[in-house]
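Take a look at the model below.

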Amino acid sequence: VESREEGMTKWSAVRSGMLASKVFGLMLIRKEDAVVVESNRAMECFCPFAPFKGYVGQALGMLVHPEDSDRLTAMVLQSTSESLGTKASVRLLRLSVEEGGGVESRVESPQSEGHQRSTPCLLAQYVRKELTISHVSSDGASLLMTVDTADKTDGVALQSGDVFPHFFAAAERSANGDYPLRMVTQSSTRALFEWASSVNLKSTFHKDTGGIANTIMQKIWRETFGFEEAIVDIMCQQMPHLFLVDKDPSGLPRLTMAIRVKFGDYETPWSTFVRTVPAGDEDAFGGSAVTTHYSAVLLPETDDKSAEYGFLSLFVTKQQPRVETENIFRNQAADTQKGVKHGSEEAERVRGNTLEGVFSWVFKDELLIENCGHFRVPGTTKGLYRLCYFIKCGEKNAEFRKWVQNSVQDDSKRYFNMPLSNQDLAIRT
């Protein structure tokens with residue numbers, strides 16, 4: 001009869017082999033909130049970008065395509081011992097930094113001696129994979145999922161190849177026109193503002209002490225049934241957007257967005273509220289002390305060069321340093337007997353830096369941009385889906401692009417703000 005120690009030794013060897021394997025992806029998932037607790041080497045190669053490496057510490061539903069998220073999360077939450085072998089075909093998100101980023105710029109300095117210097121670029125791509133429930137723990141608290149990572153490209157970092165000429169051509173067609181674009185929503189915009197408040201975004205909606213924005217907000221409040229509904233109406237009807245995709249000084253793609261607000265006789269000047277570059281580091285997010293933003297170049301899901309290109313925005317809440325989750329799960333059964341709870345509060349505590357929202361900005365057609373994504377409802381497993389389009393509106397004006405370009409030159413800071421707060425609008429009294 002095999003002793004307990006011998007059994008543990010064998011299990012340890014099996015576990016080490018599974019974690020080191022590059023043959024198939026493996027994830028240990030906490031059923032309570034569908035958070036990935038541990039993953040193996042294959043998953044780390046599949047998604048090597050450090051903040052989300054191997055998906056560890058993140059809700060699995062946030063790292064799949066927004067259209068697949070609810071279905072996969074429900075599969076995890078509803079899993080039982082009878083769910084072994086259950087499969088789901090979903091689009092998983094890959095993120096990796098390409099050194100050189102397919103973009104090179106000439107640097108004139110004593111150190112570079114005029115030679116070309118490559119710059120890093122964060123790349124993203126949704127890749128369809130089959131996930132299988134391979135094991136559910138006896139207490140039902142966790143499950144193992146395997147991922148088909150047999151494709152030879154799954155273990156290789158993403159490469160831009162000759163993508164950038166197609167990327168900039170698509171951006172020139174969809175974003176860089178001489179027309180402002182108007183937002184048309186097909187899902188809740190109000191929920192976006194609720195989410196922004198929940199992640200501790202410093203908004204000045206109700207704190208503005210003067211200027212045009214305050215006058216506009218007061219007028220809206222008096223003349224409409226509700227503030228949130230009025231904000232949605234402003235976003236769609238009274239707030240034209242300007243988009244510009246160009247290159248920053250290092251040669252990387254740069255997305256700049258500007259807005260103006262007009263309500264009745266009141267109007268703000270054009271003001272930039274987004275300027276982001278997919279360099280793999282963080283942008284400031286509004287006035288938040290705990291939330292940051294990453295930008296990535298979104299590669300097509302296929303190799304078709306006529307496919308769609310765009311940017312991907314990722315919003316992350318910085319929390320306490322992650323606790324060793326392996327120990328928590330290893331001792332969970334014993335802790336339960338002692339009355340120690342492993343509820344949502346504990347789940348939040350061990351997550352560390354949490355992926356809160358993912359949005360794509362896809363160049364669809366002439367002066368047409370699709371904004372699709374989802375964001376996490378804090379403290380729950382629920383995700384809110386977002387889909388809207390930006391379409392041509394207003395009068396053609398050749399000065400628009402010149403203004404946005406000049407605004408970029410005047411300010412090299414990178415940030416992603418939510419519109420309608422005073423740190424976003426250049427208020428003129």
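Arg94 stands opposite Gln125 in strand S6. S6 covers residues 121–136 and pairs with strand S3 in the antiparallel sense, over twelve bridges. Strands here are DSSP runs of E, at least two residues long, and helices are runs of H or I, at least four long, numbered from the N terminus. Two strands pair if DSSP finds at least two bridges between them. S3 (residues 87–98) is mostly covered, with nine of its twelve residues buried. Buried means under 20% relative accessible area, exposed over 50% (1.4 Å probe, protein chains only).

This is a predicted model: local features need pLDDT of at least 70, side-chain atom pairs count only at pLDDT 80 or more, and totals for chains, interfaces and linings use all residues. Residues are numbered from 1 along each chain as its sequence is written, and side-chain values use heavy atoms, without hydrogens and water.

Now turn to helix H11, residues 399–410. Which of its residues are buried? They are Phe400, Val404, Ser407 and Val408. Seen down the axis of H11, the buried residues fall within an arc of 100 degrees (taken from the directions from the axis to the C-beta atoms), so they line one face of the helix. Their cover includes strands S9 (241–247), S10 (253–259) and S13 (271–276). On the other side of H11, Gln409 and Asp410 are exposed.

Beyond its neighbours within four places in sequence, Lys31 is in contact (heavy atoms within 4.5 Å) with residues including Val76, Leu77 and Gly140.

Notes
Expected span 1.5 Å × (residues − 1).
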